[in-house]
Amino acid sequence: MSVIGFIGTGHIANPLARFLAAKGHHIVVTERSTSVSAALKADIGATVTDPQTVLDTSEIVFLCLRPHQAAEILKTLSFRADHRIVSVMAAVPEAQLKSLCAPATTFVQTIPLGYLQQGGCPMAAYGDDRLLAGLMEPENPVIKTSTEAALNAHFAVCAMVPGILDLLATGADWLGQQTGDEAAAEFYTTQLIAGFLSTMDKGRAGRLAAERDALATEGTLSLQMTQTLQQGGAHDALRDALTAIGKRLET
Ligand SMILES: NC(=O)c1ccc[n+]([C@@H]2O[C@H](COP(=O)([O-])OP(=O)(O)OC[C@H]3O[C@@H](n4cnc5c(N)ncnc54)[C@H](OP(=O)(O)O)[C@@H]3O)[C@@H](O)[C@H]2O)c1
């Protein structure tokens, strides 16, 4: 078991710290955000201290700052050559990380979502994917990417989550207006999709299209839905959004 430090103790650090503590690691966190760090101290026995002491007492360091804050905060800190570093920060490229965290040389960049605490969150990884797998698997599968551009493409797809939630909210709202029962409409919509996806074989390319085609056969309501969305430009809008987000993350 390792001593794992967190620089930045906000929304994503919270579930990561709880998951890693449950695996038996000792957690050391920076004090801001104080409500999160106080809860981690109370709930998982985390040590709360200043950023340099986090580094000095940790073997593995998670960087969980907002991208625009990262350079200003990290450049004031002294890293060690033997630090192993996990960055969850979108838009802080490898070259900048290496420069800010020198003389450390072991890095992995990844994209967690908060539900990792319960497991089942795929974690795209660029860099030392074995470091990440040793911490997060088997509960959260690590997906190695061979280039930083490929990692950034995963970041773009990760942004589909709120995009899809937004579409589901529209569907649930529409259903609630028809039935007058908003809560049941939201439950039905959410459970419908969650249940469907939970039973799908996720390890094979082409499975999504095969499941779609099995539903959207000639003359069905399903085909009417897929064709209307295609013709209305929903897929073009999705591809445009993915491309634009990918470009934004280019170094
Ligand atoms: N949220 C997600 O689901 C998610 C998912 C994947 C990746 N990420 C990435 O994770 C990173 C953090 O996102 P987040 O949502 O967790 O943001 P957040 O909640 O704002 O966390 C950032 C943390 O940094 C702290 N901080 C600010 N200045 C500091 C300083 N000088 N010294 C020490 N700590 C300081 C903030 O404290 P204060 O609150 O006191 O300002 C806050 O606790 C981002 O780069 C984001 O791209 C987030």
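Q: What share of the contacts in the chain with a separation of 6 or more comes from residues 24 or more positions apart?

A: First, the idea: two residues are in contact if their C-beta atoms, placed from the backbone, lie within 7 Å. In this chain, residues 24 or more positions apart account for 46% of the contacts with a separation of 6 or more. Please keep in mind that this is a predicted model, in which local features need pLDDT of at least 70 and side-chain atom pairs count only at pLDDT 80 or more, while totals for chains, interfaces and linings use all residues. Residues are numbered from 1 along each chain as its sequence is written.

Q: How many helices and strands does the chain have?

A: Helices (H or I, at least four residues) and strands (E, at least two) are DSSP runs, numbered from the N terminus. Here the chain has 12 helices and eight strands. Its C-alpha trace spans about 65 × 40 × 30 Å along the principal axes.

Q: In what order do the strands form the sheet?

A: Strands pair if DSSP finds at least two bridges between them. In this model eight strands form an open sheet in the order 3-2-1-4-5-6-7-8, with mixed pairing. Strand 3 (47-49) and strand 8 (142-144) are the edge strands, each pairing on one side only. From one strand to the next, the twist averages 25 degrees. For such angles, axes are lines fitted to C-alpha atoms, for helices over the stretch in contact, and the angles run from 0 to 180 degrees between N-to-C directions.

Q: Which strands run parallel, and which antiparallel?

A: Strand 1 (residues 3-7) and strand 4 pair in the parallel sense over four bridges, and F6 has F62 in strand 4 as its bridge partner. Strand 4 and strand 5 also run parallel, joined by four bridges; there, I60 is partnered by R84 in strand 5. Strand 6 (residues 106-110) and strand 7 (residues 123-127) run antiparallel and are joined by three bridges.

Q: Which way do the residues of strand 4 point?

A: In a regular strand the side chains alternate between the two faces of the sheet. In strand 4 (residues 60-63), I60 and F62 point one way and V61 and L63 the other, and all are buried.

Q: What makes a residue buried or exposed?

A: A residue is buried if 20 or more other C-beta atoms lie within 10 Å of its own, exposed if 12 or fewer, and partly exposed in between. Of the 251 residues of the chain, 24% count as buried. T30, in strand 2 (residues 26-30), is buried because 25 other C-beta atoms lie within 10 Å. Leaving aside neighbours within four places in sequence, the contacts of T30 include F6, I7, D50 and V54. The C-alpha atoms of T30 and V54 are separated by 6.7 Å, although these residues are 24 apart along the chain.

Q: What is the phi of A91?

A: A91 has a positive phi of about 70 degrees although it is not a glycine. Its place is in the loop between strand 5 (84-87) and helix 5 (94-100). A91 counts as partly exposed because it has 15 C-beta neighbours inside 10 Å. Just after helix 11, G233 takes a positive phi of about 90 degrees.

Q: Which residues come nearest to the ligand?

A: A residue is near a molecule if its C-beta atom, placed from the backbone, lies within 6 Å of it. Of the 23 residues around the ligand, G8, G10, R32, S33 and M89 come nearest. Helix 4 (residues 67-74) gives the most to this shell, with three residues.
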